[in-house]
Amino acid sequence: MFLFKGGENEDNVIGWFGLLAALLGYFLGIFGIFLPALYCISASLAGIGAACFPSVQKQIAIQSDYHPSKNDLFAYFGAILILLAIVVFVEPHLPTISFIAMLIYTLIAILGFKYSPFRAHSREIVLQWQNVWLTLGLLLAILLIREGWNSGKDIFSIFGIIVSAVVIINYLIKLALSQKHGKLSRKMQYRLTIAGLCQDFTTIFTTIFSAVYISVLFGAKNYYWLFVIILIASFIKRPLLKTLREYLPFDDFTIQSWGIVLGLVITLFRPTYFAGIFLIRIFYSLQNTDTLDLIRDHVDTNIYMINYRFRTAGGFLTQLILWGGLLLFNGPHIFEQIFNYHINKSVMNSSQPLFLTQLILVLFIISFTIYTLKLNKGNKNE
């Protein structure tokens with residue numbers, strides 16, 4: 001995603017890159033039952049597709065002022081429900097079916113993208129060196145961390161975290177000094193950053209990292225409930241906000257901000273962990289959408305690109321705190337302690353460093369959210 005984001009008119013290239021990567025990934029995943037290494041390759045290619053193609057969909061929706069009809073929403077959620085049913089009831093016994101289902105979905109997406117009247121047809125690829133170095137730096141960090149995990153040599157993981165920290169700090173500095181945000185005020189920049197903080201908290205810490213965390217606390221069989229929560233949140237977020245607006249004497253941004261704070265707090269308690277993720281997903285999504293609507297008519301730059309930059313900054317901050325916290329609380333044996341459930345060792349001692357890391361993340365995001373809320377209540381021109 002970073003590699004191809006050299007300009008603002010490359011959606012056609014990014015879209016096809018993502019779709020073809022996903023198509024190849026799901027195809028290879030079908031044969032993972034015969035060669036398990038194909039599962040890793042499949043996941044990597046599917047991840048590329050998940051990063052690239054949805055971003056193009058959002059950009060097309062913004063440019064074409066698209067608003068989904070009831071039939072569109074019915075088809076969308078119907079497809080998700082079918083896939084969710086496969087994941088819950090079929091995949092544990094026959095994982096090949098899930099890959100076949102996603103392969104079919106990807107082929108449908110390819111047809112839709114090919115014949116979309118709103119798709120740009122430019123094949124120009126503009127690579128900026130700062131994006132290339134950013135991509136290579138992140139790739140190096142990921143490979144080092146993964147090697148530390150696989151080999152049990154934590155020195156690789158530590159170097160990987162250091163490399164990622166250097167890359168992230170460099171990105172944040174460049175973003176702060178950039179003049180590409182048009183007339184976007186500081187408070188709006190922070191509002192967009194909140195979405196990145198929360199997004200990575202509810203994906204890295206629950207969809208990726210919590211594959212371990214939830215296995216430690218609740219058992220691996222309960223992991224699919226995260227997908228159920230995400231689906232339900234998509235259905236009810238607008239009706240919920242409308243109901244709260246009728247009963248609470250606050251504006252939408254205040255309700256959304258305190259909803260995020262409440263969600264973060266109750267994730268710290270095991271019985272309410274899933275409910276917290278549910279609230280965070282609802283309110284950060286609403287807040288980001290409303291912020292984009294506010295700034296659409298007040299900046300002379302592509303708002304999607306602006307949103308992308310600040311959400312990335314927020315996500316990077318979350319990951320920097322996450323991996324830094326794990327390194328701090330686990331010492332040099334970070335992966336040996338956190339991921340020891342893979343080799344059937346006791347996991348009881350793993351929950352403490354996980355909780356401490358989560359606590360730091362929660363306190364940071366709460367502080368940032370409340371500060372942004374205060375900023376929005378202050379000088380209107382700030």
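Colleague: What should I know before we start?

Modeller: This is a predicted model, so to speak of local features we need pLDDT of at least 70, side-chain atom pairs count only at pLDDT 80 or more, and totals for chains, interfaces and linings use all residues. Residues are numbered from 1 along each chain as its sequence is written, and side-chain values use heavy atoms, with hydrogens and water left out.

Colleague: Which residues form the nonpolar patch on the surface?

Modeller: Phe-89, Val-90, Leu-94, Ile-97, Ile-100, Ile-104 and Ile-108, with about 600 Å² of accessible area together. Patch residues have over 30% relative accessible area and no salt bridge; nonpolar side chains (Val, Leu, Ile, Met, Phe, Trp, Tyr) are joined within 5 Å, like charges within 9 Å. Areas are Shrake-Rupley with a 1.4 Å probe, and for residues only the protein chains shown count as cover.

Colleague: Which elements give two or more residues to that patch?

Modeller: α3 (70-90) and α4 (96-114), with the largest share, four residues, coming from α4. Helices are DSSP runs (H or I, at least four residues), as are strands (E, at least two), numbered from the N terminus.

Colleague: And where does Leu-94 lie?

Modeller: In the loop between α3 and α4. Leu-94 is partly exposed, at 40% relative accessible area; buried is under 20%, exposed over 50%, and partly exposed in between (1.4 Å probe, protein chains only).

Colleague: Which residues in α3 are buried?

Modeller: Phe-77, Leu-84, Ile-86 and Val-88 are. The helix α3 has 21 residues and reaches 29 Å from first C-alpha to last, close to the 30 Å expected at 1.5 Å a residue (the expected span is 1.5 Å times one less than the number of residues).

Colleague: Switching to rings. How many aromatic pairs are there in the whole structure?

Modeller: The search finds eight. Rings of Phe, Tyr and Trp (its six-membered ring) pair if their centres lie within 6.5 Å; planes under 30 degrees apart are stacked, over 60 edge-to-face, the rest tilted. One of the pairs is Phe-53 with Phe-113, edge-to-face at 5.5 Å centre to centre and 90° between the planes. Phe-53 is in α2 (residues 37-64) and Phe-113 in α4, 60 residues apart, which makes this a link between distant parts of the chain.

Colleague: Okay, charges. How many salt bridges?

Modeller: The count is two, taking a side-chain nitrogen of Lys or Arg within 4 Å of a carboxyl oxygen of Asp or Glu. Arg-238 pairs with Asp-290, the closest N and O atoms being 3.0 Å apart. Arg-238 is in α9 (residues 225-247) and Asp-290 in α11 (residues 273-295). Arg-245 and Asp-252 meet at 2.9 Å, N to O.

Colleague: Which ring does the charged end of Arg-191 sit over?

Modeller: Phe-253, 3.9 Å from the ring centre. The rule is NZ of Lys or CZ of Arg within 6 Å of the ring centre and within 35 degrees of the ring normal.
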